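Hi,

Here is the structure I promised to pass on to you.

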Amino acid sequence: MANVQASPGKFKTSDAPRLSLDSLIPRDTSIIRLLVITIVLFAVFSLLKPATFPTPINLQSMAFQMSEIGILAIAVALTMISGGIDLSINATANLTAVAVASVITALAPATTTDAGTAATAVTLAIVIGLGVGFVCGLVNGLLVAYANIPPILATLGTMTLFTGIGTVITEGAAIFAQDRLAEVGNGKIFEIPVPLIIFLLIAVGVHFLLSKSRFGFELYMVGTNPQASRFSGINNRNVLLRTYILSGLLSALAGIVILGRTNAARVDFGESYVLLAIMICVLGGIDPAGGFGRIIGVVLAVVALQLLSTGLNQVFFDNPGANFFRQFAWGATLLLVLLLNYFSARARQRRITS
Amino acid sequence: MLNLRALFARQEFIIFIVLVALCAIIAIINPTAFLNVPNAFRILRACIVIGIFALGALMVLISGGIDVSFPAIAICALYLSTLIIVDTGIDSVPLAFALGGLIGLALGLVNAVFIGIFKLPTLIVTLGTLNLFRGALLFFAGSVRIRLSEVTTNFADATRWNIITVPAARGEASLHFSILILLGLALLVWFILRYTMLGRAIYAIGGDREAAERAGFNIVRTQFFIYGFVGFLAGIGGIVFGILAREADPFAIVGTELDVIAAVVLGGASILGGRGTVIGTLLGVLLITLISSNLVLLGIPTEWQRFVIGALIIIGVGIPALQSLRRKVRHTQLSGAV
């Protein structure tokens, strides 16, 4: 096979994952726009609520809230770049949480006080949890890459299946993690929430995976044009399989973080997360048709949505309908960004043709 | 002669066999609980609302799109209609359906503008409008559950509009008139898809958009029809839901979107567009309803419902995918090239 060493710039110019530092500086317009939106949101809410919004405590609580959904959004983003989608992220996360909580409860029940036993149990549980995520991703990958089932359908099926397995295990009840994962979900290191650290590590890791590794290059190629990538010697199936496994692993990590924060594994937790994660990806400039988009956009979109949610919550503090206005604002933002992208693309086209 | 091979290749037929087999198994294992008229009425009643939604989802899927906003449209239609009826004091069931249908149509056209004129991806647009509509409803219109019997008489009374009532073990069991609405709408959709130019256009767009455009189909107009009509169906479905549930709960319905799409897909509609039938969709709805309501009669605990449905979806979409894969392999082998 020909040596397809990454020089992606030759193939795509606008979103080319370059091998240099300036790949971190956003050049494409949708990311700049997102950055502006984020800054404006922060400024507006800081002006409206100077006493409560731009405070360290508020920033901290926002960081806690956005990390889980951020990790899930990155999982979806990977599958979207490949030209697919993963609807099973939340089901995978919940199944992982159920597995982890079950192992912890079995090996180190609440009566266990020995720190060593507890630590072993937690470590083993996390390893098993990641294994669950791996298997879930593997199933998706096999269905998509080898059985040729459209990703949206395959993962719709596995979403129901994984939730079903979780329901059978838990019989619909919650399983508790005996507070042994609290450090992961609620802990802080130098006042920085642990979930945020996990989220940022994942974001940076995936960013470099996409921009520097051969896998990342192949992923963009498969997403842009599967036919062309196959003819240029890329093993499409293998790339897709790895993408869905990675998505499963990231979902599992999100599940562990969620379990750490809530201390309870439920199969029906966060059902709105799936559509929210897709929304974040689109806001962040990931093309649902595949081949285009960067992790930094997803991170910015997560931050922007969190600023919007928390800001609106504070502005409507006395109004019990704040949550509903937030949902309204999410939908409006998504449609607005879609329209902005549409008109700017059309304007660009007109400039080029004239 | 009937071509058996072609018959077995049709997913509608396979799902029909599965349905019959499942009924037979339940009937053999637990005849007393399963084989009676009240149970049949219960299953049919559970099919009505999801069936109406599924007809809409079917049209969208055939046209190559996907719509997740219909539950939000349905609940907006139900809640706003109820508010209007209460405010104006015109307590009439036909008015409720007219209002529901109109509100649904209007909201569906919002989708159509984004999808038809701006050519934005259907899943993303409807994801946006799902949040927009539901958020707006809960924030601006209200988030309080309205019990129909407390504010209306005629509208609330529609709950008892039954066609047939039979005595059951406890009290009596009835078949609600809204099953006729489902059947009527199913006939309408079947007719549109099968016998009108519009139906041809819907299949054509889903099969190959480019080719449809060259063949002279007006894609924007067709999409306006599809999303407007799907909104209308959702609105009617919302009103029926309210009548059957005896209340307008603004938190209801949303969250069922993927289940409905799963039922349609199980019924043989292709998510890639261009394929799908009304019969298959109704069978898919019946199968999913049967599993969620009667699996327990087999001694299978209710916790297994989702597992079974998930496995069925994967098998249901896996078989045609593998079939087409095999066809493709055979095709390339025959043509010799590559």
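Leaving out neighbours within four places in sequence, T155(A) is in contact with I85(A), D86(A), L87(A), S88(A) and N140(A), where contact means that the C-beta atoms, placed from the backbone, lie within 7 Å. This is a predicted model, in which local features need pLDDT of at least 70 and side-chain atom pairs count only at pLDDT 80 or more, while totals for chains, interfaces and linings use all residues. Residues are numbered from 1 along each chain as its sequence is written, and chains are lettered from A and ligands numbered from 1 in the order in which they are written.

Back to T155(A): it lies in helix 5 of chain A (helices are DSSP runs of H or I with at least four residues, numbered from the N terminus). T155(A) is buried, with 31 other C-beta atoms within 10 Å; buried means 20 or more such atoms, exposed 12 or fewer, and partly exposed anything in between. A91(A) is 64 residues from T155(A) in sequence and 9.8 Å from it in space, C-alpha to C-alpha.

Next, a helix pair. Helix 7 (residues 194–212) and helix 12 (residues 295–315) of chain A pack at about 155°, with axes 9 Å apart; axes are lines fitted to C-alpha atoms over the stretch in contact, and angles run from 0 to 180 degrees between N-to-C directions. That makes helix 7 roughly antiparallel to helix 12, a label for angles over 145 degrees. A203(A), V206(A), H207(A) and L210(A) of helix 7 meet I295(A), I296(A) and V299(A) of helix 12. These residues divide into six nonpolar, one polar and no charged.

Finally, I280(A) touches I69(A), A73(A), V298(A), A301(A), V302(A) and L305(A), not counting residues up to four places away in sequence.

Best wishes

Conventions
Helices (H or I, at least four residues) and strands (E, at least two) are DSSP runs, numbered from the N terminus. Angles under 35 degrees count as roughly parallel, over 145 as roughly antiparallel, 65 to 115 as roughly perpendicular and the rest as oblique. Two residues are in contact if their C-beta atoms, placed from the backbone, lie within 7 Å. Ala, Val, Leu, Ile, Met, Phe, Trp, Tyr, Cys and Pro count as nonpolar, Asp, Glu, Lys and Arg as charged, and the others, Gly among them, as polar.
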